[in-house]
Amino acid sequence: MATTHMDEIPFEPAGDRIRRLEARVHELEAERLQMRSALALARASEGRIRLIADSIPALVAYFDGERRCRYANRIWQEWFGALPLDAGIEGIPALTQVAEGMAAALKGEALSFETDVECADTPRRLALSFVPHRDGAGGILGAFLLGLDETERSRAQAALLDREELLNLAMHGANDGLWDWNPITKDLYLSARLLSIIGFDRDTVRTTTHEWLKLVHPDDRAHYEARVTEHLKGLTPHFEDTYRVAGPAGSYRWVLARGLALRRADGMAYRMVGSIADVTEIKRRETALAASEARFRSLIQAAGTIILVIGPDGCVQEANREAVRALMPEKEGETWRPGCAWQDLIPADGAFAQVMAVALSGQTIRNAELVWRTAQGEERAVLWNMTALPAPGGDGPPAIICAGQDITRRRSAELALRGMNDALEVRVAERTQALIAEIKERERAEAALLRAKEMAESASRSKSDFLANMSHELRTPLNAIIGFSSMMEAEMLGPLGLPKYQEYAGVIVTSGEHLLAVINDILDIAKIEAGKFAINPEPLNVCDAVEGCCVLVRDQTGEGGVEVSFACDGATPVIHADPVRVKQIVLNLLSNAVKFTPAPGEVHLSVGPDPATGGVVITVADTGIGMSTADLAVALEPFGQADNRLARRAGGTGLGLPLARAFTERHGGRLELESREGAGTTVRVHLPPGGPGV
């Protein structure tokens, strides 16, 4: 221990020292009083704080820097029991999960979170906050623990979330969107689902009634506003309306809007909440169904069949125009109204009722013919078809659909027809006997006619054979006559003496040649009719073959005043034909044309290709007297001549045209004849490229 020398202590008089000690005593007393007063104030303040802490419905506790509990309020004791002072937080089993929060607060970090805590009375959801307690220099003295019971709020929030989820599920399942409207401020809330229904791809929107009305179709706007107003005034228990709403592309969709207003005590609506569902497809189906029903009703009304729908009570529910016309003629032209009994239309004689009973049993009635007399005494016959129509939903007795065909006129006609048929059968029996006799007589006549036909054919063959033989027999002496006459005319053996003899010899030659030509024509006709005429085809240039015919006829006309011309198309093909018969065809046609064309006249011969067959067409046209339609038929028959003075004066056998046609047809071609009296005649000969048999 250190020692102090007396000479080191300063000297102080006793009186001064006493006075100084007394002053110090007074100072210490003043400080004691001050500290007592401060302690009293502190205790009073702590009492007030404890009172406040015990009165609030929240957990309050204080832990010092050593994590020992220095204070816990009444709520702590209710939730966790009495807490001994100086107890550490780790010693509280219920709060072991919040040790980290306390550790963070003692490091100066404020921390808050929610957690589930098993309390003494019941499990609770607590919102805990850890707040550090600092001194004036910023040091950490301890930490406050504050806790709020959020159990009810958490449960309410969970229930709310569950209800919102249920509501969203229900709205999505029903394809509905939500809207919330303030009728006072006109503010309108639209859910995202509602916006997607009308075609907008966005989140929820807050807008106004005015903006929403712009989307409503102009034709539906007045009706929509009227329905809303009625509900706001309390005239309807709830709001409901169907209208069209425009989407972003300007296209409209049908929506079904429902809503309910919340009202104050005075009845004024201060809020209105509802839903919107897309019913576009339903509307389309309703429109299509309405159109289909209208078409069906039009068909039913226009049908010529009686159609009735009779209810289970026997009243007529539906009747078309034909039913009114046939069963209610006194009401025809009026608008029929349902309600009358079927007995008012059809006498209740039992037959119709029996048929209906069968239909009600589930059987289908087909072609049941019922006949009755009306009140006016007229007979009515209807062919009925019936089937049961189940009641809507399958509950209750069915109705009966009756489709009837009014066969009154047909039945009358059938009865009349039966009478006529009976009478006809009697007449048929009588006529049959007469017909049998007539047939027998006709058979005898046909047998006689057949014999006459055979005799005629035999005579025709005999005639053809006779003509062929006679023509041959006549040509032999004619050839001698023509030959000797030609020698005499040419004075080959010496002069005849008189010029008149020479003239007579020329006449004999001309007449003989004419007679020989006639005999040749008759022989050709006879051969054709006998089927013995032959064609000898060979490659033939028709233009070269017929040009000589034109020259020959032109020389024969001399100064007769008829001009004969010829033209040939350079594209005329070579065909297979008999050159002799082709020349004979052309000579006959040219001779006839010249013969029946008075001076001054023209005869034109032309040859060209036939586009239709690929062969040749020969045309002879004249400006002669022409023929009528009747004369054309006569001129084409053998030995036929048109009845006119020039024909009689010109003479001839009438074989030129028939031979020309026969030769043409033997070549496989055809002859066309056009003529009109006073306007000339045109003959066209169409010859095929291959000829007969090629």
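The model is predicted, so local features are given only at pLDDT of at least 70 and side-chain atom pairs only at pLDDT 80 or more, while totals for chains, interfaces and linings use all residues. Residues are numbered from 1 along each chain as its sequence is written, and side-chain values use heavy atoms, with hydrogens and water left out.

## Overall make-up

The protein has 17 helices and 23 strands; these are DSSP runs numbered from the N terminus, a helix being H or I of at least four residues and a strand being E of at least two. Of its 694 residues, 33% count as buried. Here buried means under 20% relative accessible area, exposed means over 50%, and partly exposed lies in between, with a 1.4 Å probe and protein chains only. The accessible surface comes to about 42,600 Å², and carbon and sulfur atoms hold 56% of this area; the areas come from the Shrake-Rupley method with a 1.4 Å probe, and for residues only the protein chains shown count as cover. Among contacts with a separation of 6 or more, 50% are between residues 24 or more positions apart, a contact being heavy atoms within 4.5 Å.

## Aromatic pairs

Rings of Phe, Tyr and Trp (its six-membered ring) are paired if their centres lie within 6.5 Å; planes under 30 degrees apart are stacked, those over 60 are edge-to-face and the rest are tilted. The count by this rule is five aromatic pairs. One of them is the tilted pair of Tyr62 and Phe144, at 4.8 Å centre to centre and with 50° between the planes. This pair links distant parts of the chain, 82 residues apart: Tyr62 belongs to strand S1 (residues 59-64) and Phe144 to strand S5 (residues 140-149). Tyr62 is buried because its relative accessible area is 15%, whereas Phe144, at 33%, is partly exposed.

Trp179 and Phe239 have ring centres 6.4 Å apart and planes at 80°, so their pair is edge-to-face. Trp179 in strand S6 (residues 176-181) and Phe239 in strand S9 (residues 239-246) are 60 residues apart and again link distant parts of the chain. Both residues, Trp179 and Phe239, are buried. Together with Tyr224 and Tyr243, Trp179 and Phe239 form one aromatic cluster.

A charge also sits over a ring: Lys283 lies over the face of Trp254, at 4.5 Å from the ring centre. The rule for this places NZ of Lys or CZ of Arg within 6 Å of the ring centre and within 35 degrees of the ring normal.

## Salt bridges

A salt bridge is a side-chain nitrogen of Lys or Arg within 4 Å of a carboxyl oxygen of Asp or Glu, and the count by this rule is 16. The table lists some of them.

| Salt bridge | N to O distance |
|---|---|
| Arg271 and Asp180 | 2.6 Å |
| Asp220 and Arg244 | 2.8 Å |
| Arg258 and Glu240 | 3.5 Å |

Asp220 in helix H7 (residues 218-232) and Arg244 in strand S9 are 24 residues apart, and both Asp220 and Arg244 are buried. Arg258 in strand S10 (residues 252-263) and Glu240 in strand S9 are 18 residues apart. Arg258 is partly exposed, at 38% relative accessibility, and Glu240 is partly exposed at 38%. Elsewhere, salt bridges that share partners join Glu114, Asp116 and Arg125 into one network.

## Cysteines

The structure holds one disulfide, a term that requires a pair of cysteine sulfur atoms within 2.5 Å. Cys543 and Cys568 form this disulfide, with their sulfur atoms 1.6 Å apart. The torsion about the S-S bond is about 70°, so the disulfide of Cys543 and Cys568 is right-handed. Cys543 in helix H13 (residues 542-557) and Cys568 in strand S18 (residues 562-568) are 25 residues apart. Cys543 is buried, with a relative accessible area of 7%, while Cys568 is partly exposed at 36%. Cys402 is buried at 0% relative accessibility, and Cys550 is buried at 1%.

## Helix H17

Helix H17 (residues 656-666) has eight of its eleven residues buried, so it is largely enclosed by the rest of the structure. The buried residues include Leu657, Leu659 and Phe663. Just after H17, Gly668 takes a positive phi of about 85°.
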